[in-house]
Amino acid sequence: MSEVKIAWGLGVDGIMRHISEVKKGKACDCVCPSVNCSSPLIANQGSKKAHYFSHKAHTGCSGESALHLAAKQVLEDSASENLHLILPEIHATYSSTDMAGETVKKALVQVSNFQMVKAQQEVKLNNDLIADVVSQSTKGESLAVEIFVTNAKDEVGERKYSAVDVDAIEIDLSVLPWNVDRNELKMFVLKTANRRWLHCRKKSQLEKKLKLQVDNEIIEINRRYLANLYTIAKSLSTNLNIPNFTWPSLTVNKELSNSERFIVSREPKVTHFNDDWLPFKYGYKGTAVVEKKVNIDVVLFVVNNLRQVMTHSSPTLLISYYEQMNIDNLQFNLRWKNIDTWREKLEKIANAELIKKEQEIVNRTQKRSAFVQYFKNANETVKMQILCKKLGLRQPEQLSKYVYCWNSSWDVWRTVVWVYKIHCNKGYIIDANDIASDPWLESLLGFSIDYEAYESRRKMVGFWLKKLFELGYLKRVGWTKYEVESRQLKSFLPWSYIR
């Protein structure tokens, strides 16, 4: 005998019977409700196990249709009693954006029930759609009901109900136990089971209502935007003091032969707005004068509508406006359009500046090279004259002895380091190791770059920097590194002996 257990059987009178409503054994007079089975059932009503129907003979039937058919009959019986069927909440929303891109959204939630007066199973709505149950209400409304036990309706099923425009819900009984009784099933079907709309004409009606409300609100918001824009436009024309706009600048970047970069920029500014503003969908168009000589077009529009702004080929100032409906908190963003001729002119100015700066580099290089050659070939007395002149100090009457590793006297190498690495260099970090191999100092003094000479220079300058640190002219930041403390250091004689 089949061990498939079901709690519902189809009586000989065509009515679904729960196992608790029939006689024991074969006397139940029930058959399997499955369309593809209809085999006789036996009511198993022992004292130890839960009561259930089983097939009299093995058929391979799973009995899955039993609960589904029982639920349909519950709906049909409940309609004859004029009972209420709880409907899912109707959630309707509609949103749209105003011309500033701000979203206006409205929502409604409607709760209702459905008092049935009639219900019919397996109603054909068209060639492609048969409803589990179609019920009529006391108000003459029709509602299709689908029972979900093992297979829920998908989007295709929802579209079918939308196509015939029939209100339809789906009641989810998939969580019910297989042996749920009639009263429990009735409660679930009519009230407590999860349910959802497959198609709801009322939702469309509510959305149309919300759309009308949102659209009217947006019309009013946009009207206020445009009214404020007109006030601003007239203010620009009559106000001799142009607002403190952040004017968009035109820039050209150039790179010199020494890898340095420079920027040439201009900020064209309106010196007068004319009083000839004309409205368009997103704002107002007018004219103005730049730098008291160039006529331009002006477009004053609500932010977020740049793509909709149409301009002619003449230079145009685009002023986008955003104020969150607060005219006392105006916010503008400016940009230029159709100014290729201005950019070409600025490019020519930048190229001329580039040529000028390149010549200055050549002149500086030549001057520097000439100075290096002159200083390097000068005797120690002349070198001190040059250095003391830079410092504004009187040179010493007598020079110190010559130092091989520096290729100069003690006075000269210390004064050279002072002039080019310390004096007027507040905050500059100097390192004894770097100074001992500095290319600029090497070009001036012509000292040897071999390792032995380098080590001697490093030790000498390291000792000297330590003495300057002890005097407070430098601040120690590392083992051989120091930071210059004073900017001028006018009174110090760098060649003086420090104890």
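Select strands β18 and β19 to begin: they form a hairpin with three residues between them, and E291 in the turn has a positive phi of about 50 degrees. This is a predicted model, in which local features need pLDDT of at least 70, side-chain atom pairs count only at pLDDT 80 or more, and totals for chains, interfaces and linings use all residues. Residues are numbered from 1 along each chain as its sequence is written, and side-chain values use heavy atoms, with hydrogens and water left out.

Strands here are DSSP runs of E with at least two residues, and helices are runs of H or I with at least four, numbered from the N terminus. Two strands pair if DSSP finds at least two bridges between them.

Next, colour β18 (residues 283-290) and β19 (residues 294-302), which are antiparallel and joined by eight bridges. A288 has I296 of β19 as its bridge partner. Of the eight residues of β18, six are buried (under 20% relative accessible area, with a 1.4 Å probe and protein chains only).

Finally, move to helices α5 (residues 340-377) and α6 (residues 380-391), whose axes come within 8 Å and cross at roughly 130 degrees. The axes are lines fitted to C-alpha atoms over the stretch in contact, with angles running from 0 to 180 degrees between N-to-C directions. Select F371, Y374, F375 and K376 of α5 with V382, K383, I386, L387 and K390 of α6 to display the contact (heavy atoms within 4.5 Å).

Conventions. Buried < 20%, exposed > 50% of the residue type's maximum accessible area, 1.4 Å probe, protein only.
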